[in-house]
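Let's take a walk through a protein model, one piece at a time. Keep the 3D view open and follow along.

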Amino acid sequence: MIVIFTFILGYIIFLIRRIFFTKPSITLQADHVISTKLQKYDASQIECIYINYRRIGFKMYGKRLVPMDLCFYFKRDQETAGVEAVHEWAARNDKEIKHKFFQTLA
């Protein structure tokens, strides 16, 4: 029982550390996105872009949840320019932007 409790507690600490102490960085290129895990996603793989308050996520075709590495926030001082860049990328690649709550896939 103690081993299971220790494992669960360790996993919770890992998740909290990952959420609060990682600096996500998404790169928007002409026809693809480079995620926080340096994975390249072609624009044809992305169904739409979700925006929920300050959180932004790129939803893949055939997936119900947004992958954690395609979910990010902008710093407050870069938020206006960043959201504008996302809108430009979406228009250039003909992707719909939906302002609604979304869940992430860890």
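Predicted model: local features only at pLDDT ≥ 70, side-chain atom pairs only at ≥ 80, totals over all residues.

Start with strand E4, residues 46-52. Is E4 mostly covered or mostly open? It's mostly covered, with five of its seven residues buried.

Now look at what E4 pairs with. E5 runs antiparallel to E4, and six bridges join the two. To find one of these contacts in the view, pick Ile46: its bridge partner in E5 is Met60. E4 also pairs with E8, but here the strands run parallel, joined by four bridges.

Next, follow the chain from E4 into E5. These two strands form a hairpin with two residues between them, and Tyr53 sits in that loop. What is phi like at Tyr53? It's positive, about 60°, even though Tyr53 is not a glycine. That's worth a second look, because most residues other than glycine have a negative phi.

Where is Asp94? Look in the loop that leads from helix H2 (79-92) to strand E8 (96-99). Asp94 isn't a glycine either, yet its phi is positive, near 55°. With 72% relative accessibility, Asp94 counts as exposed. Step past this loop and you're at E8, the strand that runs parallel to E4.

How values were computed
Residues numbered from 1 in each chain as written. Heavy atoms only, no water. Buried < 20%, exposed > 50% of the residue type's maximum accessible area, 1.4 Å probe, protein only. Pairing = 2+ DSSP bridges.
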